[in-house]
Amino acid sequence: MEKHVTPYIEIEFRDAPKKRIKRNLSLDCEENDNETRCCRYPLTVDFEKFGWDWIIAPKRYEASYCAGECMLSFLPKYEHTHVMQLSTSAIPCCSPKKMSPIKLLYFDLSYRVIYSTIPNMIVEKCSCS
């Protein structure tokens, strides 16, 4: 008696992850680093040193700044951007990619105390653009 074996394949479907994880290409550097690429560097803004006594709080905050080279090997993720840069005299530069606000307590011209959110005061990430 011959036994027949029937092959089968089992397939299982799963939902794909809903959110892709982005690579963080933004670099954080210190002043004494020898990094030449586009980088975010620390910068403390001290309102008291400016003589801005009308600002109540904060007296200082970490603003950060962007600096560094934007070499073609680090550029860009879209090919058409690279072609456009080759066809124009535009040179990519290191600039803020993401910024955040600060909350400020200060006196206005009438000496009233104002509490306000000032947008784009802190550099969170830098990139070549």
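When I say contact, I mean heavy atoms within 4.5 Å. With that in hand, hello everyone: in this chain, residues 24 or more positions apart account for 54% of the contacts with a separation of 6 or more.

A word on ground rules. This is a predicted model, so local features need pLDDT of at least 70, side-chain atom pairs count only at pLDDT 80 or more, and totals for chains, interfaces and linings use all residues. Residues are numbered from 1 along each chain as its sequence is written, and side-chain values use heavy atoms, with hydrogens and water left out.

On confidence, pLDDT is the predictor's own score for each residue, from 0 to 100. The chain averages 82, and 71% of the residues score at least 70. Strand E4 (residues 60-62) has the highest confidence, at 97, while helix H2 (residues 79-87) has the lowest, at a mean of 57. Where pLDDT is low, the predicted coordinates should not be read in detail.

Now the layout. Helices (H or I, at least four residues) and strands (E, at least two) are DSSP runs, numbered from the N terminus. The order is β-β-α-β-β-β-α-β-β. Strands pair if DSSP finds at least two bridges between them. E6 (residues 94-107) and E7 (residues 113-128) run antiparallel, joined by twelve bridges, and serine 100 stands opposite isoleucine 122 in E7. Five residues separate the two strands of this hairpin, and tyrosine 111 in the turn has a positive phi of about 65 degrees. E6 is also joined to E3 (residues 55-57), antiparallel again, by two bridges; there, isoleucine 55 has tyrosine 106 as its bridge partner.

How many disulfides does a search of the whole structure find? Four, where a disulfide is a pair of cysteine sulfur atoms within 2.5 Å. Cysteine 38 and cysteine 94 sit S to S at 2.0 Å, and the torsion is about 75 degrees, so this disulfide is right-handed. Cysteine 66 and cysteine 126 are also joined at 2.0 Å, but here the torsion is about -85 degrees, so the disulfide is left-handed. That pair links strand E5 (residues 65-67) to strand E7, 60 residues apart. Both cysteine 66 and cysteine 126 are buried, meaning under 20% relative accessible area, with exposed over 50% and partly exposed in between (1.4 Å probe, protein chains only).
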